[in-house]
Amino acid sequence: MRHLDAVPPDWPGNEWWHWLVFTVICIAFVLVMIIVVIYVERRGIAFFAARVGPNRTGPFGVLQAIADAIKVLLKENITPSNADKLVYWLAPAVVFAPTIMIFAVVPFQNGAMMADLNIGVLFVIAISSISTIGVFMAGWSSSNKYSLLGAMRNVAAVVSYEMPVVLSIAGVVLLAGSLSLNDIVLAQERVPFIVMQPLGFLLLFIGGCAEINRSPFDLMEADSELTAGFHTEYSGMKFAMFYLGEYGEAVVMSTIIATLFLGGWQGPVLPPWLWLIVKILIVFFTMVWTRATLPRVRIDQLMAFAWKFLFPLALINLLVTALEILAWPGDLPLYIIPLNFAITAALILLGSKLFKVGWGRVEV
């Protein structure tokens, strides 16, 4: 099954052409998807708020993001006099670069990727953590207390939510028996893992939203508390890099969720790469929906939700998955799907009864 209709690893001719072509594809894909998701979010938020949304720049306002990018790039670049200049300048690049690097191991169809690493999941987890270093570099080097507080909140959130995120991905790895993203997509040929691991999907979605600073977990740049958080002192092109990085991380998280739980590029009729884009947009629209629906949490609620609710559920989910694989060493039977949904509903109900906030605030 692995080699059925697979793109050769040296396509289109040799490894150097393969590297060059997929480098261009990854960069173009990320930049185009960032423009698309910005438009989707603006139109989506406008829809939920009963507003018109962007509709003046280009047909249906599709060029509004490009107009905003030009406006930001033409603004003056300001550097605070007390800033650590080198770190201050490097931080935006450190935040944005990992979003492109992660797509090196994401399959656009069977074998169509820059490198089919047999440790692809570990690569994604390791590279995605680098952006946090860039955020802290920005907060620390700005010599601004709001920037530093926003950066510290980001580090605390990523450290806390990385545990349930990694444990939920570990359940997928157990089901697929491989750390390669291509193998994980192929393992979902029968059914996508979202129906085999509904709790794992919820854990990854919630934890992912918290890690990439999406509402209702956007405390790192909460304008009512921290002005603009870690990038308060940034302007011009450096601010644009943070803006690209924020939406680039949203594209990456949507892609990872679509690859691990929604079958990635697999689907009927449409080309495989188009199926991947459709699934990415579905996941991202769900993020927009939650942003428009849920109020922003407090910092103590953010931390308590990770350690008191998500972390225990992630451990139980991994334990249940391991027991099921021991009980059925081959492919899991399909009649286990309703059982897993029942376990998910019971655990969420039990966790909601036991989860309390307010016995001691965790200030960051």
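In which hand does H1 pass H3 where the two helices cross? H1 passes H3 in a right-handed crossing, a crossing being right-handed if the near helix is turned clockwise from the far one by less than a right angle, and left-handed if anticlockwise. This is a predicted model, in which local features need pLDDT of at least 70 and side-chain atom pairs count only at pLDDT 80 or more, while totals for chains, interfaces and linings use all residues. Residues are numbered from 1 along each chain as its sequence is written, and side-chain values use heavy atoms, with hydrogens and water left out.

**Helix packing around H3**

- Two packed helices are described by the angle between their axes and by the distance between the axes.
- The axes of H1 (residues 15–48) and H3 come within 9 Å and cross at roughly 115°, where axes are lines fitted to C-alpha atoms, for helices over the stretch in contact, and angles run from 0 to 180 degrees between N-to-C directions.
- H1 and H3 are therefore roughly perpendicular to each other, given that angles of 65 to 115 degrees count as roughly perpendicular, under 35 as roughly parallel, over 145 as roughly antiparallel and the rest as oblique.
- On the H1 side the contact (heavy atoms within 4.5 Å) is made by Ile 27, Val 30, Leu 31 and Ile 34, and on the H3 side by Phe 96, Thr 99 and Ile 100.
- By class, this contact of H1 with H3 has six nonpolar residues, one polar and no charged ones, with Ala, Val, Leu, Ile, Met, Phe, Trp, Tyr, Cys and Pro counted as nonpolar, Asp, Glu, Lys and Arg as charged, and the others, Gly among them, as polar.
- The axes of H3 (residues 85–101) and H11 (residues 236–261) come within 8 Å and cross at roughly 25°, which makes H3 roughly parallel to H11.
- The crossing of H3 and H11 is left-handed, and the H3 residues that meet H11 include Tyr 88, Trp 89, Val 95 and Phe 96, with Met 241, Phe 242, Glu 249 and Val 252 among their counterparts in H11.
- By class, the contact of H3 with H11 has eleven nonpolar, three polar and two charged residues.

**Nonpolar cores**

- The largest nonpolar core has 81 residues, of which Phe 103, Leu 260 and Leu 302 touch the most other members; such a core is a set of buried Ala, Val, Leu, Ile, Met, Phe, Trp, Tyr and Cys residues joined through side-chain atoms within 4.5 Å.
- Apart from that core lies another, of twelve residues, among them Tyr 88, Val 95, Ala 151 and Tyr 234.

**Individual residues**

- Ser 160 lies in helix H6 (residues 145–176) and is buried, with a relative accessible area of 2%, where buried means under 20%, exposed over 50% and partly exposed in between (1.4 Å probe, protein chains only).
- Leaving aside neighbours within four places in sequence, Ser 160 is in contact with Met 303, Ala 306 and Trp 307.
- Val 297 lies in the loop between H12 (272–293) and H13, and, not counting residues up to four places away in sequence, touches Pro 216, Phe 217, Leu 219 and Leu 302.
- Phe 60, in the loop between H1 and H2 (64–73), has a phi near 60°, a positive value in a residue other than glycine, and is exposed at a relative accessible area of 64%.
- Ser 143, in the loop between H5 (130–141) and H6, also has a positive phi, of about 55°, although it is not a glycine, and counts as partly exposed at 48% relative accessibility.

Note on methods:
Helices (H or I, at least four residues) and strands (E, at least two) are DSSP runs, numbered from the N terminus.
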